[in-house]
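Please look through the structure below with its sequence alongside.

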Amino acid sequence: MNCNECRYIMFDYIDNKLPVATKMEMETHLNQCAACAEKLARLNEEQLVEEETPLGLFWYLFKPSGGYKRSFFLGAVLTLVFVLYLMYSKLRGVF
Ligand SMILES: [Zn+2]
């Protein structure tokens, strides 16, 4: 197995979806290849953070390496909060 193959099936490996023979082949490669082993360790950590902590969503929103989709989502949420706040202040003025 080479690095490309190894990385291609890495997610299946984490989800434990690989046939035993492929899994063993991959583990052999991981023992020989520090780069792939490190990549797997990183993927495992990310999965732990997102699946097993109650702060998963929070972490997803505020972790340092976010994409542009996340910024868009954050912007939408902040705008909504701001609008709700404005409506609330107006209501308080009326009653
Ligand atoms: Zn490799």
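**Fold, zinc site and surface**

From the N terminus on, the elements of the protein chain run α-α-α-α-α-α, giving 6 helices and 0 strands, where helices (H or I, at least four residues) and strands (E, at least two) are DSSP runs numbered from the N terminus. The model is a predicted one, in which local features need pLDDT of at least 70 and side-chain atom pairs count only at pLDDT 80 or more, while totals for chains, interfaces and linings use all residues. Residues are numbered from 1 along each chain as its sequence is written, and side-chain values use heavy atoms, with hydrogens and water left out.

The zinc ion has as its protein donors Cys-3 (SG), His-29 (NE2), Cys-33 (SG) and Cys-36 (SG), which lie 2.1 to 2.3 Å from it; donors are N, O and S atoms within 2.8 Å of the metal (3.2 Å for Na, K and Ca), and because water is not among the atoms, sites may look incomplete. In sequence these donor residues are spaced C-x25-H-x3-C-x2-C. The arrangement is tetrahedral because the 4 donor atoms subtend angles of 100 to 116°, four donors counting as such if all angles lie between 85 and 135 degrees. His-29 counts as buried at 8% relative accessibility, and Cys-36 counts as buried at 0%, where buried means under 20% relative accessible area, exposed over 50%, and partly exposed in between (1.4 Å probe, protein chains only).

Across the protein chain, buried residues make up 18% of the 95 residues. Leu-84, which lies in helix α6 (residues 68-94), is partly exposed, with a relative accessible area of 48%.

How values were computed: Tetrahedral: all angles 85-135°; square planar, octahedral: opposite > 155°, others 65-115°.
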